[in-house]
Amino acid sequence: MANLKEIRGRITSISSTMQITRAMKMVSAAKLKKAQDAIVMLRPYSEKLQEIIQNVNSSSDPDQVSVYAQKREVKRILFIAVTSNRGLAGAFNSSIVKELNNQFRDKSQYEVEVLTIGKKAFDAVRRTRAVYSNESAVFDNLNFDTVAHVTEGVMTSFREGKFDEVYLIYNKFVNAATQEVTAEQLLPISMAEKAEETQVETDYIFEPNRNEILDNLIPKAIKTQVFKAVLDSVASEHGARMTAMHKATDNAQALKNDLVIFYNKARQAAITNEILEIVSGAEALKNS
């Protein structure tokens, strides 16, 4: 049985831990608002950009397909795994690693490489898989240009035939308490089939021309898709860490309460024993 000094030490240690978890929760809550606003503002732009591409493509020449939409025999696949550089966020990072391993098993017949955005993904796969590139430094200066530079390298590799398919794996932000592990195909992009004439409600005038518009919009859409995935992941990270630290604080408080009750009982028992010893000693002196 632990003595009173050891119990006091445990209570002090738990109190210090609670201060840390409470502070981390508050920091993540403050950062979450900014990250949430960023992804909420980007999503309509990304969705509208995809809609414009599909509309333009539906009325373009079917023989002229963008290089980023060309499907070919699949031999080599690249996965872009987006995690974080830090832990203490519950299952945020481990869920991505788990999905990545599931994808490896499903596509075991192909040559697979991984581009990691986040140290946690890099640490998880570097010993067992070929790492195409580690882009964890993206989070040091997170903006569209930084992510676009990484995406440009992936697009170049796809054009040169180094990879036949590229997939994104990331946590999609739903709310502060919920994140969805998402695996979506980045390249080749999915283009809608040519629309039937009876379905066309509006006739557009294109300037300069359909194909040139697609050649400019498709690379921008691909870069925006990756940037959206990274922003989704950042917002999800703060939400997951805030939730995890909130639960950790509650658990620490419950453990502290149990220790305080145990300490008070042990202290009361020690005091009672001391009183009994004093009374017994006094009675012995009286009878002697």
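Me: Is Ser133 buried or exposed?
Reply: Let's start with the term: buried means under 20% relative accessible area, exposed over 50%, and partly exposed in between (1.4 Å probe, protein chains only). Ser133 has a relative accessible area of 18%, so Ser133 is buried. This is a predicted model, where local features need pLDDT of at least 70, side-chain atom pairs count only at pLDDT 80 or more, and totals for chains, interfaces and linings use all residues. Residues are numbered from 1 along each chain as its sequence is written, and side-chain values use heavy atoms, leaving out hydrogens and water.

Me: Which residues does Ser133 touch, not counting those up to four places away in sequence?
Reply: Contact means heavy atoms within 4.5 Å. By that rule Ser133 touches Val114, Leu115 and Thr116.

Me: Where is the place of Ser133?
Reply: Strands (E, at least two residues) and helices (H or I, at least four) are DSSP runs, numbered from the N terminus. Ser133 belongs to strand β3.

Me: In what order do the five strands form the open sheet?
Reply: Two strands pair if DSSP finds at least two bridges between them. Here the order is β3-β2-β1-β4-β5, with mixed pairing. Both β3 (130-134) and β5 (178-187) stand at the edges with a single partner strand each, so one side of each has no neighbour in the sheet.

Me: How many bridges join β4 and β5?
Reply: Strand β4 (residues 165-175) pairs with β5 over nine bridges, in the antiparallel sense. Within this pairing, Asn171 stands opposite Val181 in β5.
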